[in-house]
Amino acid sequence: MEWFLVILDFLGKQILNVPAYLVGMITAVGLIALRRPAGTVIGGALKAALGFLILGAGANVVVAALNPLGNLILAVTGSQGVIPTNEVITALAAEQYGATSAYVLVVGFLVMLMLARFTPLKYIFLTGHHMVFMAMMLAVVLSVGFGPNLSWLVILIGGCLLGVIMVVMPAFAQPWTKRITGDDSIAIGHFGTLGYIAAGMAGQATGQRSKSTEHIDFPQNLKFLRDSMVATSLSMVMIYMVFAVWGLIALPIDDALKIFGSADGGAYIMAAFAQALQFGVGVAIILYGVRTILGELVPAFQGIAEKVVPGAKPALDIPIVFPFAANAVLIGFIASFAGGLLSLGLLAWWLGPVFGLALILPGMVPHFFTGGGAGVYGNATGGRIGAVVGGFVNGILITILPAILLLVLGQLGFANSTFGDADFGWFGTLIGVSLLSGNVLVGVVLTVIIGAVLVIGASVFQMKVVDKGWLPGAKHAAYVAGIDAELKATAAEARAAAKAERAAHPA
């Protein structure tokens, strides 16, 4: 039996733990199901895997560019507290709970396939690193709640809960995702989904007659800002420069120079400028990786949909929606960061002293990825206003929910770090509270009830809402369609006038 555990451990840590390998395998299975030639299978699988590696490379560039900015902001504002980071808490827990989380990951993947096959929730969650984070969180919470001698129960319950959350959240977000993408071919597989749904709802409530962020009419001499890479880089240059100058004013010169490892003030300013441009490079890499993945994964997924899980959709990482509203990504990021700052104030002045919640400092990376996604969802239902309000709401959620989760993890023996995205907050808190009684049987019953309620609720939502074709933001969509029609008519008139002018005055 030991050999079987070794194989499971290898699969969990070395294969399913690597998003690129997982997506490559899924792509290969789909191409095989479509009876493609061996060369096509190998090439498609490699390109899909490379797309995810490109995505990861872009994310690393973004993270490397944002980390100094985060340190700079903390230094000049003097804030102290916890920055929610999925990677950090996963690394802290890995030594004690790593093996258990690997088994949870394998069981969760199998449960997800079964749920996708035999329920209306036809989604395959393909964001491998978020699978790893959620598996680790469940392993920690359940191990402490059930005790060290019931690891088999932790694996069983944790795997079932992981499988449930991976098919449930894409279903709940699908109407908003369809509004963004224009079809039903892909879903969102990212555990910031509550923030995206909230952003979509907030956009619908506030921006029905707001123009799309992609309709921003730049003056002629600012047309270059229509290039998303240029606009993103320029915006980050402005943000970096503001805080860099603030750092020189507010900090001792030696402390300021250490942030970028600079020798003097000139090198310090130029280092900040270079980091801002690196951010733009990272975003460009991410968008290229997204296009590479979609080019291979979506066609190959038809094979899985037809042969393995009929009617299934790939649930992909949040950057998959960034190309649909590039301006909204930046707007959502800034609005989310503002929401995080406001929530930090609430934690410091009210919620912390009254309820004992920790100070959750706004991390640039989670605010960029989830805030950018929230901006796209808010824009889809409420235009520019929706992007701002949706990003702001997301910023509040990813500040307050991690603070609550940290409180629960502290009671369960894990403190001073927490998971950052919205779904970790509400789902982890819910599971953690269900185990606080200390009674194993009660804990098992409550966690099973939670899983069952989520599956049943999502299945009903899928059948009654998603499958019926309901789309949010209908009034806003009609308003935007009218603007698009006017723009096309104006462009057609301009072309006709230019043609008539050329005919009247031939060269």
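Biologist: Where does A267 lie?
Modeller: A267 lies in helix α10, which covers residues 265-307. Please bear in mind that this is a predicted model.

Biologist: Moving to helix packing, at what angle do α6 and α14 pack?
Modeller: Helix α6 (residues 151-181) and helix α14 (residues 440-466) pack at about 25°, and their axes are 9 Å apart. That angle makes α6 roughly parallel to α14.

Biologist: Which hand does the crossing of α6 and α14 have?
Modeller: The crossing in which α6 passes α14 is left-handed.

Biologist: What kinds of residues make up the contact of α6 with α14?
Modeller: The residues of that contact divide into 18 nonpolar, five polar and one charged.

Biologist: How do α6 and α13 cross?
Modeller: The axes of α6 and helix α13 (residues 422-434) cross at roughly 140° and come within 13 Å. Therefore α6 is oblique to α13. Here α6 passes α13 in a right-handed crossing.

Biologist: What about α5 and α13, at what angle do they pack?
Modeller: Helix α5, residues 128-146, packs with α13 at an angle of about 25°, and the two axes are 10 Å apart. The two helices are therefore roughly parallel to each other. The crossing of α5 and α13 is right-handed.

Biologist: Let us turn to rings. How many aromatic pairs does the count come to?
Modeller: The count comes to 15 aromatic pairs. One of them is formed by W426 and F427, with 5.4 Å centre to centre and 65° between the planes.

Biologist: Why does the pair of W426 and F427 count as edge-to-face?
Modeller: The planes of W426 and F427 are 65° apart, and the pair is edge-to-face because planes over 60 degrees apart count as such.

Biologist: Is F427 buried or exposed?
Modeller: F427 counts as buried, because its relative accessibility is 0%.

Biologist: Which residues do ring pairs link into a cluster?
Modeller: The cluster linked by ring pairs consists of F279, F322, F333, F368 and F369.

Biologist: Now charges. How many salt bridges does the count come to?
Modeller: The count comes to one salt bridge. K313 forms a salt bridge with D184, and the closest N and O atoms are 3.4 Å apart.

Biologist: Which parts of the chain does the pair link?
Modeller: The pair links distant parts of the chain, 129 residues apart. K313 is in strand β3 (residues 313-316), while D184 is in the loop between α6 and β2 (187-188).

Biologist: A few individual residues next. Where is the place of F52?
Modeller: F52 is in helix α3, residues 38-77. At 8% relative accessibility, F52 counts as buried.

Biologist: How far apart in space are F52 and A20?
Modeller: F52 and A20 are 5.1 Å apart in space, C-alpha to C-alpha, and 32 residues apart in sequence.

Biologist: And V408, which helix is it in?
Modeller: V408 has its place in helix α12, which comprises residues 364-411. V408 counts as buried, with 7% relative accessibility.

Biologist: How far apart are V408 and G425?
Modeller: From C-alpha to C-alpha, V408 and G425 are 9.9 Å apart in space, and in sequence they are 17 residues apart.

Biologist: Last one: where is L11 found?
Modeller: L11 is found in helix α1, residues 2-15. Its relative accessibility is 34%, so L11 counts as partly exposed.

Biologist: By what distance are the C-alpha atoms of L11 and Y103 separated?
Modeller: The C-alpha atoms of L11 and Y103 are separated by 8.9 Å, and the two residues are 92 residues apart along the chain.

Key
Residues are numbered from 1 along each chain as its sequence is written. This is a predicted model: local features need pLDDT of at least 70, side-chain atom pairs count only at pLDDT 80 or more; totals for chains, interfaces and linings use all residues. Side-chain values use heavy atoms; hydrogens and water are left out. Rings of Phe, Tyr and Trp (its six-membered ring) pair if their centres lie within 6.5 Å; planes under 30 degrees apart count as stacked, over 60 as edge-to-face and the rest as tilted. Buried means under 20% relative accessible area, exposed over 50%, partly exposed in between (1.4 Å probe, protein chains only). Axes are lines fitted to C-alpha atoms, for helices over the stretch in contact, and angles run from 0 to 180 degrees between N-to-C directions. Helices (H or I, at least four residues) and strands (E, at least two) are DSSP runs, numbered from the N terminus. Angles under 35 degrees count as roughly parallel, over 145 as roughly antiparallel, 65 to 115 as roughly perpendicular and the rest as oblique. A crossing is left-handed if the near helix is turned anticlockwise from the far one by less than a right angle, and right-handed if clockwise. Ala, Val, Leu, Ile, Met, Phe, Trp, Tyr, Cys and Pro count as nonpolar, Asp, Glu, Lys and Arg as charged, and the others, Gly among them, as polar. A salt bridge is a side-chain nitrogen of Lys or Arg within 4 Å of a carboxyl oxygen of Asp or Glu.
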